[in-house]
Amino acid sequence: PIRRNALLEALLSRFLSPSSPDSATSHGNKLMDGGDDVSDLRILVVEDNRVNQRVIELQLRKAGYRADIVANGREALAALEIRSYDLVFMDCQMPVMDGYEATRAIRRDERMKSIYVIAMTAHTMEGDRDKCIASGMNDYIPKPTREAELLAGLDRALKAIGKG
């Protein structure tokens with residue numbers, strides 16, 4: 001038998017690449033010694049799988065960012081009503097409300113139209129990217145999320161929204 005923490009650590013070490021000395025500074029947002037976030041970028045992660053949530057959270061934190069995390073599209077819309085976000089990492093396949101439907105709802109709301117939405121999906125067949133873009137998402141990264149791909153998507157988002 002394996003203990004839950006041991007399994008989580010094994011999964012996280014598998015999906016997180018070894019840290020390089022300049023990985024956080026390449027984004028201009030280094031975590032302070034006290035763990036404070038110095039980035040003013042507001043990020044929402046919409047992901048139903050707890051392990052994936054944790055992996056993405058750690059990848060972002062390693063690069064100097066913090067994110068709020070919700071488990072489905074309906075929760076994402078509720079979070080967007082409460083707080084404004086610059087960037088949403090949106091899982092496509094979720095219970096309650098999937099990422100495609102949530103993104104279409106975001107695009108219909110004038111207050112949220114400028115939010116940059118990055119699709120996250122295990123579906124990487126030809127045409128899947130087009131489906132994401134057609135639903136209103138700005139970009140696409142495959143799952144499982146690898147640090148390099150997550151940060152490349154983040155860099156594209158920063159340039160597009162004028163913060164990078």
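1. **The sheet.** Five strands form an open sheet in the order E2-E1-E3-E4-E5, with parallel pairing. Two strands count as paired if DSSP finds at least two bridges between them. Helices (H or I, at least four residues) and strands (E, at least two) are DSSP runs, numbered from the N terminus. Strand E2 (67-70) and E5 stand at the edges with a single partner strand each, so one side of each lacks a neighbour in the sheet. From one strand to the next the twist averages 20 degrees.

2. **Basis.** This is a predicted model: local features need pLDDT of at least 70, side-chain atom pairs count only at pLDDT 80 or more, and totals for chains, interfaces and linings use all residues. Residues are numbered from 1 along each chain as its sequence is written, and side-chain values use heavy atoms, with hydrogens and water left out.

3. **Strand E4 and its partners.** Strand E3 (residues 87-91) runs parallel to E4, joined by 5 bridges. Phe-89 has Ile-118 as its bridge partner in E4. Met-90 has Ala-119 as its bridge partner in E4. On to strand E5 (residues 139-142): 4 bridges join E4 to E5, again parallel. There, Asp-139 is the bridge partner of Ile-118.

4. **Burial of E4.** How many residues of strand E4 (residues 116-121) are buried? The count is 6 of the 6, so the strand is largely enclosed by the rest of the structure. Buried means under 20% relative accessible area, exposed over 50%, partly exposed in between (1.4 Å probe, protein chains only). In a regular strand the side chains alternate between the two faces of the sheet. Here both faces are covered. Tyr-116, Ile-118 and Met-120 are buried on one side. Val-117, Ala-119 and Thr-121 are buried on the other.

5. **Helices on the sheet.** E3, helix H4 (residues 99-108) and E4 make a right-handed β-α-β unit. Right-handed means that, with the strands pointing away from the viewer, the path from the first strand over the helix to the second runs clockwise. Phe-89 of this unit pairs with Ile-118 in E4. H4 packs on the sheet, touching E3 and E4, and its direction makes about 150 degrees with that of E3. Helix H6 (residues 147-160) also packs on the sheet, touching strand E1 (43-46), E3, E4 and E5; its direction makes about 170 degrees with that of E5. Contact means heavy atoms within 4.5 Å. Axes are lines fitted to C-alpha atoms, for helices over the stretch in contact, and angles run from 0 to 180 degrees between N-to-C directions.

6. **Cysteines.** A disulfide is a pair of cysteine sulfur atoms within 2.5 Å. By that rule the count is 0. Cys-92 is in no disulfide; its nearest cysteine sulfur, that of Cys-132, is 3.8 Å away. Cys-92 is buried at 0% relative accessibility. Cys-132 is buried too, with a relative accessible area of 0%.

7. **The whole chain.** The chain has 6 helices and 5 strands. From the N terminus on, its elements run α-β-α-β-α-β-α-β-α-β-α. Of its 164 residues, 43% count as buried. Among contacts between residues at least 6 apart in sequence, 66% join residues at least 24 apart. The chain exposes about 9,000 Å², with carbon and sulfur atoms supplying 50% of it. Accessible areas come from the Shrake-Rupley method with a 1.4 Å probe; for residues, only the protein chains shown count as cover.
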